[in-house]
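Subject: Structure handover

Hello,

Here is the structure for you to take over. My notes on it follow below.

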Amino acid sequence: MNIAIVGASGAVGQELLAVLEQRQFPVSELKLFGSERSAGKTYAFKGRKYEVQLLQHDDAFKGVDIAFVSAGAGVSRAYAEDITRYGAVMIDNSSAFRLDEDVPLVVPEVNAADALVRPRNIIANPNCTTIQMVVALQAIERLSHIKRVHVSTYQAASGAGAQAMKELEDQYRQILNGEEVTVNKFAYQLAYNVIPHIDVFTDNGYTKEEMKMHNETRKIMHSDVKVSATCVRVPSLRAHSESVWVETERPISVQEAKEAFSKAQGCVLMDDPENKIYPMPLFLSGKDEVFIGRVRKDMTDENGLTFWCVSDQIRKGAALNAVQIAEWLLTNEQ
């Protein structure tokens, strides 16, 4: 396959290169694209050096089979026509097209076949928090239809990009050295703090990040499920955590749920509280799966279950999911 990566110098672009190499994705030719700031940089892939080209409105995507795009919604909208003009499948990591009716929104463990119907040759990668949640929810949905979800997220600095991760590290260093704290990527200082504010607030009091979890979950799962989210930035470096409560049509036992999670594609059950075994971002950064623990019955609702899940935002929440979509197309496209 002839592959392009747009936004190659960013955190997700770099992870895409790593994931493609680690999973031995069949790459015949590789093209890297970026902004004026990134153009000219070189990156290694499978023992060769590749130079980042300046992204422009031209014919550079001629001959490309799959283009992974991770440079922000504005860039995706501006260059979608250039990228797809000659037949390339654009797997887009931004929010630009996620809710468009003619663009499939895909998590391979949940709705892989949606990727086959793409009138504009664009496939959208969902928001990171949505991806890890629906992978877990799908295991429960197979047992009984989920009517309602309440979720609180504990999102690492990685969700705001490589510079945000650096800012968090810098903040701790500055505090320890008695220096003025740099705050650019977040609304407030994140070190020694939690911030209940990710993305901009909407008229209903929810942030866009929270509304993404509602709207995207329904589209991916082809469901009428109601999702109410509170998204919080926490001072961990990488991998997001979520506390999830679900209400199903029939009661599901803890044992039934655990068995479903342990067998579900993309899930790993880590649930042994007596031995202090439960998912934590510190130990799960760089892993591919969605890790689930603290499974228990809700004390207020016979049909309620609660669980805790952790997944690496840059891998499964972004780069890995995109590559898995490409892998599925490679195997299933007629």
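**E169 and the ground rules**

E169 sits in helix α5 (residues 162-176); helices (H or I, at least four residues) and strands (E, at least two) are DSSP runs, numbered from the N terminus. This is a predicted model, in which local features need pLDDT of at least 70 and side-chain atom pairs count only at pLDDT 80 or more, while totals for chains, interfaces and linings use all residues. Residues are numbered from 1 along each chain as its sequence is written, and side-chain values use heavy atoms, with hydrogens and water left out.

The relative accessible area of E169 is 38%, so E169 is partly exposed. On this scale buried means under 20% relative accessible area, exposed means over 50%, and partly exposed lies in between (1.4 Å probe, protein chains only). E169 and D271 are separated by 102 residues in sequence and by 30 Å in space, C-alpha to C-alpha.

Two strands count as paired if DSSP finds at least two bridges between them.

Strand β6 (residues 89-92) pairs with β7 in the parallel sense over three bridges, and M90 stands opposite I122 in β7. Contact means heavy atoms within 4.5 Å.

**Helix α1**

Helix α1 (residues 11-22) has 12 residues and should span 16 Å at 1.5 Å a residue; its end C-alpha atoms are 16 Å apart, which agrees. The expected span is 1.5 Å times one less than the number of residues. V12, G13, E15, L16, L17, V19 and L20 of α1 are buried. Their cover includes β1, β2 (29-34), β3, β5 and α9 (315-332). Q24 follows α1 and has a positive phi, near 55°.

Strand β8 (residues 146-155) and strand β10 (residues 240-248) pair in the antiparallel sense over eight bridges. I146 has T248 as its bridge partner in β10.

**Cores and aromatic pairs**

The largest nonpolar core has 56 residues, and those touching the most other members are F61, L137, V149, V246, F261, I292 and F307. A nonpolar core is a set of buried Ala, Val, Leu, Ile, Met, Phe, Trp, Tyr and Cys residues joined through side-chain atoms within 4.5 Å. Helix α4 (residues 128-141) supplies the largest share of this core, eight residues. Apart from it lies another core, of 31 residues, including L30, L32, I66 and L320.

Beyond its neighbours within four places in sequence, F61 is in contact with A4, V6, F33, L55, A67, D82 and I83. The whole structure holds five aromatic pairs. Rings of Phe, Tyr and Trp (its six-membered ring) pair if their centres lie within 6.5 Å; planes under 30 degrees apart count as stacked, over 60 as edge-to-face and the rest as tilted. F33 and F61 make a stacked pair, 4.5 Å centre to centre with 25° between the planes. F33 is in strand β2 and F61 in the loop between β4 (48-54) and β5, 28 residues apart. F33 is buried at 1% relative accessibility, and F61 is buried with a relative accessible area of 1%.

**Positive phi in loops**

H222 is not a glycine, yet its phi is positive at about 50°. H222 lies in the loop between α6 (208-221) and β9 and is exposed, with a relative accessible area of 59%. K276, also a residue other than glycine, has a positive phi near 55°. K276 is in the loop between β11 and α8 (281-284) and counts as exposed at 65% relative accessibility.

Regards
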